[in-house]
Amino acid sequence: ISSQPVTIVLQCPIIIPNVITANDDGLNDVFIIKNIEQYPENEVWFYNRWGVLLHYEHIYANNWKPKLNDGVYYYVVDDKVNDPFKGFFTVFSNP
C-alpha cells in the first residue's frame, strides 16, 4: 500500500486591534493585524463613520499609521480564506 504525500498548512487566526493611540509616542501608533502575513492575498479597508474610504491595501503590510481625529472607525479585513472580518476600532490621540 502506498499513499500520496499530504501537505498541511497551519495558519494562525487573525487578531485585529480595537484601539489605536495615534499620538506618535511609538506605542500602538500603527494598525497592526497579527498574523495577517499568513494570508498573502488579503485585502483591508478602513472607513469613517459615514462610510468614506480612508485607506485600502491589497496585501496589507501592517504599516498604516492613521492620522485621524479621535473617534470610532470601521474596518473590513478579507483574508481570502475565511468570511471577511468586520468591526470597529477607536482612535485616541491622547489616552
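**View 1. T21 sits in the loop between β1 and β2.** Strands here are DSSP runs of E of at least two residues, and helices are runs of H or I of at least four residues, all numbered from the N terminus. T21 is buried, with a relative accessible area of 11%. Buried means under 20% relative accessible area, exposed over 50%, and partly exposed in between, with a 1.4 Å probe and protein chains only. A polar atom of the T21 side chain lies 3.1 Å from the backbone oxygen of L27. This is a predicted model: local features need pLDDT of at least 70, side-chain atom pairs count only at pLDDT 80 or more, and totals for chains, interfaces and linings use all residues. Residues are numbered from 1 along each chain as its sequence is written, and side-chain values use heavy atoms, with hydrogens and water left out.

**View 2. F31 and F46 form an aromatic pair, one of 12 in the structure.** Rings of Phe, Tyr and Trp (its six-membered ring) pair if their centres lie within 6.5 Å; planes under 30 degrees apart count as stacked, over 60 as edge-to-face and the rest as tilted. The F31 and F46 rings are edge-to-face, 4.8 Å centre to centre, with 75 degrees between the planes. The pair links distant parts of the chain, 15 residues apart. F31 is in the loop between β1 (19–20) and β2 (43–47), whereas F46 is in strand β2. Both F31 and F46 are buried.

**View 3. W45 and Y56 make a tilted ring pair.** Their ring centres are 5.3 Å apart, and their planes meet at 45 degrees. W45 belongs to strand β2 and Y56 to strand β3 (residues 53–58). The two residues are 11 apart, and their pair links distant parts of the chain. Y56 is partly exposed, at 35% relative accessible area.

**View 4. Ring pairs build a cluster.** Its members are F31, F46, Y60, W64, Y73, Y75 and F89.

**View 5. The charged end of R49 sits over the ring of W50.** It lies 5.5 Å from the ring centre. A charge sits over a ring if NZ of Lys or CZ of Arg is within 6 Å of the ring centre and within 35 degrees of the ring normal.

**View 6. V6, I8 and L10 make a nonpolar surface patch.** The patch covers about 400 Å². Nonpolar side chains (Val, Leu, Ile, Met, Phe, Trp, Tyr) are joined within 5 Å, like charges within 9 Å. Accessible areas come from the Shrake-Rupley method with a 1.4 Å probe. L10 lies in the segment before β1. L10 is exposed, at 74% relative accessible area.

**View 7. N28 and I59 have positive phi.** Neither N28 nor I59 is a glycine. For N28, phi is about 60 degrees. N28 lies in the loop between β1 and β2 and is partly exposed at 39%. For I59, phi is about 70 degrees. I59 lies in the loop between β3 and β4 and is partly exposed at 43%.

**View 8. D83 is in the loop between β4 (71–78) and β5 (85–91).** D83 counts as exposed because its relative accessibility is 67%. The C-alpha atoms of D83 and V44 are separated by 13 Å. Along the chain, D83 and V44 are 39 residues apart.

Key
Patch = residues over 30% accessible without salt bridge, like charges linked within 9 Å, V, L, I, M, F, W, Y side chains within 5 Å. Salt bridge = Lys/Arg side-chain N within 4 Å of Asp/Glu carboxyl O. Polar contact = N/O pair within 3.5 Å; in protein donor to acceptor, adjacent residues only side chain to side chain.
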